[in-house]
Amino acid sequence: MNRINNNTGGIIYLDAPGGTGKTFLINLILAEIRAEKHIALALASSGIAATLMEGGRTAHSALQLPLNIAEQQFRYVKSQEHLDGVNF
Ligand SMILES: Nc1ncnc2c1ncn2[C@@H]1O[C@H](COP(=O)(O)OP(=O)(O)OP(=O)(O)O)[C@@H](O)[C@H]1O
């Protein structure tokens, strides 16, 4: 909160093991910042993670980050015989 009070802004990255209170803490921080009429963007790398935060969005959506999806990143399955021997 010092960054907010000093008007310096910045990026907060939060990572911790599951169930340790990340969502709770980040929503508390977001509420504190927004209550003071400052701007807080809540960005996550996945859509599921974004839905956990108040006003959360994926980083690639909010920042219009380019996605370079290469042809080789897809596996085409044309028929059942291509799935034989594949362990799901
Ligand atoms: N400071 C706190 N005081 C009271 N309850 C808390 C606190 N922090 C977290 N909790 C509770 O602990 C549980 C887990 O918290 P939370 O969902 O925020 O963890 P998480 O790290 O985001 O979990 P995950 O990685 O699985 O998404 C929730 O029920 C939450 O309400």
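How do the residues of the shell around the ligand divide into nonpolar, polar and charged?

Modeller: The shell residues divide into two nonpolar, five polar and one charged. Here Ala, Val, Leu, Ile, Met, Phe, Trp, Tyr, Cys and Pro count as nonpolar, Asp, Glu, Lys and Arg as charged, and the others, Gly among them, as polar. This is a predicted model, in which local features need pLDDT of at least 70 and side-chain atom pairs count only at pLDDT 80 or more, while totals for chains, interfaces and linings use all residues. Residues are numbered from 1 along each chain as its sequence is written.

The ligand is surrounded by Ala 16, Gly 18, Gly 19, Thr 20, Gly 21, Lys 22, Thr 23 and Phe 24; a residue is near a molecule if its C-beta atom, placed from the backbone, lies within 6 Å of it. Helix H2 covers residues 22-35, where a helix is a DSSP run of H or I with at least four residues, numbered from the N terminus. H2 has 14 residues and reaches 20 Å from its first C-alpha to its last, close to the 20 Å expected at 1.5 Å a residue; the expected span is 1.5 Å times one less than the number of residues. Just after H2, Lys 37 takes a positive phi of about 65 degrees.

Ile 4, in helix H1 (residues 2-5), is in contact with Ile 33, Glu 36 and His 38, leaving aside neighbours within four places in sequence. Contact means that the C-beta atoms, placed from the backbone, lie within 7 Å. Ile 4 and Glu 36 are 32 residues apart in sequence and 9.1 Å apart in space, C-alpha to C-alpha.

Note on methods. Helix = DSSP H or I, 4+ residues; strand = E, 2+ residues; numbered from the N terminus. Contact = placed C-beta atoms within 7 Å.
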